[in-house]
Amino acid sequence: MYIPAQFDEPRIDLLHDAIRKNGFATVVSMTADGLVASHAPLMLDPDPAPYGTLIGHLAKANPHARAADPRVQTLVIFQGPDGYITPSYYPAKQEHGKVVPTWNYTAIHAYGTLEVFDDPARLLAVVTRLTNLHEAKRAQAWAVSDAPDAFVQGMLRGIIGIALPIARLEGKVKMSQNRPAADQNGVIEGLRLDGQPDLAGAVARAVSR
């Protein structure tokens, strides 16, 4: 990924936090027929240090996992807040007019060799952990054990587990850090007024780090 110095985010703890908050990834692998991409919820284990391991599952009918070339690292992409930035946010527009639109965004790239597994006990552990993770905020959380065991076992036969020990981790946070302070403040205020508080907050955090 092309990362100019002002947009580089090398802090592993912050990248891990962003991965956990996002939870949904694009998985890209090389196969004998070329590149293939799948989209899946993934969870992050901290081991092995320093980057950890991404874990999830795909449909067994999806050829992705079994076709991935183990000689070529798989790329997993997580994307954070993003959005269009109008030049109208910049005080510089009124001062000299030498401004253009851009797009602010966060992207995290994780690289590693994709591992595949179909052991029923391990698959059950993965889907149980994923379910508990995403049900945790609900007042009446659903659990895998709420479904009949025979039904769950049948569903497990329809998936294949994936794990990616992360060999390399990159983070890019492009949030107006290259603009003067007045323009940065204009972006934050403009996004808030335009009903994008999450992106405004991301800009504020990036320019204050």
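**Entry 1: the H6 and H7 pair**

I began with helix H6 (residues 181–193) and helix H7 (residues 197–208), which pack at an angle of about 160 degrees with their axes 7 Å apart. Angles over 145 degrees count as roughly antiparallel, and H6 and H7 are therefore roughly antiparallel to each other. I also looked up the handedness, and H6 passes H7 in a left-handed crossing. On the H6 side I noted that the contact is made by Gln 184, Val 187, Ile 188, Leu 191 and Arg 192, while H7 brings Pro 197, Leu 199, Ala 200, Val 203, Ala 204 and Val 207. Sorted by class, the residues in this contact of H6 with H7 are nine nonpolar, one polar and one charged. I keep in mind throughout that this is a predicted model.

**Entry 2: the protein as a whole**

Stepping back, I counted seven helices and eight strands in the protein. The C-alpha atoms fill a box of roughly 70 × 45 × 30 Å, taken along the principal axes, and 43% of the 209 residues count as buried. Among contacts between residues at least 6 apart in sequence, I found that 74% join residues at least 24 apart.

**Entry 3: the nonpolar cores**

Which residues touch the most other members of the largest nonpolar core? Within this core of 21 residues, they are Ile 19, Leu 42, Leu 54, Val 76, Phe 78, Ile 166 and Leu 169. I then listed the elements that give two or more residues to this core, namely helix H1 (12–22) and the strands E1 (24–31), E2 (34–45), E3, E4 (74–85), E5 (102–112) and E7 (159–165). A second, separate core has 15 residues, including Val 99, Val 187, Ala 200 and Val 203; of these, I had already met Val 187 of H6 and Ala 200 and Val 203 of H7 in the helix contact.

**Entry 4: Thr 74**

Setting aside neighbours within four places in sequence, I recorded contacts of Thr 74 with Val 27, Val 28, Ser 29, Ala 110, Tyr 111, Gly 112, Leu 114 and Leu 164. The C-alpha atoms of Thr 74 and Met 30 are separated by 7.1 Å, although these residues lie 44 residues apart along the chain.

**Entry 5: loops and backbone geometry**

In the loop between E2 and E3 I looked at Pro 48 and Pro 50. A cis peptide bond joins Asp 47 and Pro 48, with omega about -5 degrees, and another joins Ala 49 and Pro 50, with omega about 5 degrees. Most peptide bonds are trans.

Ser 176, in the loop between strand E8 (168–174) and H6, has a positive phi of about 70 degrees although it is not a glycine. Most residues other than glycine have a negative phi. Ser 176 is buried, with a relative accessible area of 2%.

Last, I checked Pro 63, which lies in the loop between strand E3 (53–59) and helix H2 (64–67). Pro 63 is exposed, at a relative accessible area of 57%, and its C-alpha atom is separated by 10 Å from that of Ile 160, 97 residues apart along the chain.

Note on methods: Residues are numbered from 1 along each chain as its sequence is written. This is a predicted model: local features need pLDDT of at least 70, side-chain atom pairs count only at pLDDT 80 or more; totals for chains, interfaces and linings use all residues. Side-chain values use heavy atoms; hydrogens and water are left out. Axes are lines fitted to C-alpha atoms, for helices over the stretch in contact, and angles run from 0 to 180 degrees between N-to-C directions. Helices (H or I, at least four residues) and strands (E, at least two) are DSSP runs, numbered from the N terminus. Angles under 35 degrees count as roughly parallel, over 145 as roughly antiparallel, 65 to 115 as roughly perpendicular and the rest as oblique. A crossing is left-handed if the near helix is turned anticlockwise from the far one by less than a right angle, and right-handed if clockwise. Contact means heavy atoms within 4.5 Å. Ala, Val, Leu, Ile, Met, Phe, Trp, Tyr, Cys and Pro count as nonpolar, Asp, Glu, Lys and Arg as charged, and the others, Gly among them, as polar. Buried means under 20% relative accessible area, exposed over 50%, partly exposed in between (1.4 Å probe, protein chains only). A nonpolar core is a set of buried Ala, Val, Leu, Ile, Met, Phe, Trp, Tyr and Cys residues joined through side-chain atoms within 4.5 Å.
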